[in-house]
Structures are given as structure tokens and as C-alpha cells.
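My entries follow in the order in which I went through them.

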Amino acid sequence: MTDALNDALNDAARKLLDSDAVATVATLGPDGAPQLSAAWVGLEGDEIVFGTLDDQRKLRNLRRDPRIAITLQSAGINRWGLREYLVIDGVARVTEGGAAQLLQRLARTYIGPDAVFPAMPDPPPGFVTRITVQRISGVGPWRED
């Protein structure tokens, strides 16, 4: 990530990414059609991360074409009365393992501080997707207009 992109995730964007706002994840299917899904997201340094226990379609899409977009809606309302939202375009890489630990950490944000997730005795290793930010857009304090 370049220095300019490091600055792209300002404090407002980081706060939204660390909140309980569920992300809509867009990947590209084999025919180029968009495939959308919801995901809990978090931050690890300057990368956005999400975990999955199963080898889902979005992961197969990302292995073939790593381009990804995510959007999160904020609780904020701008001066025109519109709901603020953050859009991030990036490149993803999928790694095997670590999903159960990541999901447990994210569950504390999305479910509550005492959450146990996944609620199974021996969860599979799953997959962690790490997104390198390429572009920020949307409506809100994460962009200069």
C-alpha cells in the first residue's frame, strides 16, 4: 500500500470499519456478474479482514479474480439528510486458517463482549480474506469533496 493509500483510511473510516456495521461484499463471478454477500469485517493494520468457515462462492471468486468492493452504511446523516456510507475498492488475498479466531474476535463487536462464535467445539480452520485498499469513495467524513 502506498503512503497515499495509508492516509485513505482516516480515523472516521477506521471507526466505521471497527463498528458493528455489517459490510456488503461484492466479488465477480466467472461470467463477470457481481456476487454480493454480507460479512463481519475488522481491521488488521491497514488491511480489512473477514473470515469464513466454509469455502464459499465469494472465496472461489476472489481466488480467480482478486478485485473486491465492500460498502458499509454509517449511522451518520450528512447535511443533505442522506445516510453516510463508505465504499472501498481493493484487492483481496485469501489464506487458509485463522477464521475461527478472527470470527471470535469480531463476534465481540457484532454480538457482544461475552459472545462465543462459532458455537462449536472444534471449528474448521476456515479462511481469512485480507483486503488491500485501493480506493475510498462514498458519502461521509472519510472523503474530501
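I began with β1 and β2, which pair in the antiparallel sense over 6 bridges; two strands count as paired if DSSP finds at least two bridges between them, and helices (H or I, at least four residues) and strands (E, at least two) are DSSP runs numbered from the N terminus. Looking up T24, I found that its bridge partner in β2 is A38.

I note here that this is a predicted model, in which local features need pLDDT of at least 70 and side-chain atom pairs count only at pLDDT 80 or more, while totals for chains, interfaces and linings use all residues. Residues are numbered from 1 along each chain as its sequence is written, and side-chain values use heavy atoms, with hydrogens and water left out.

I then followed the open sheet of 7 strands, which has the order β2-β1-β5-β6-β7-β4-β3 with antiparallel pairing. Its edge strands are β2 and β3 (42-44), each pairing on one side only.

Next I turned to α3 (residues 57-64), whose buried residues are K58, L59, N61 and L62, where buried means under 20% relative accessible area (1.4 Å probe, protein chains only). Seen down the axis of α3, these residues fall within an arc of 160°, so they line one face of the helix; the arc is that of the directions from the helix axis to the C-beta atoms. Among the elements that cover them I listed β1 (23-28), β2 (34-39) and β5 (67-77), contact meaning heavy atoms within 4.5 Å.

Definitions and conventions
Buried means under 20% relative accessible area, exposed over 50%, partly exposed in between (1.4 Å probe, protein chains only).
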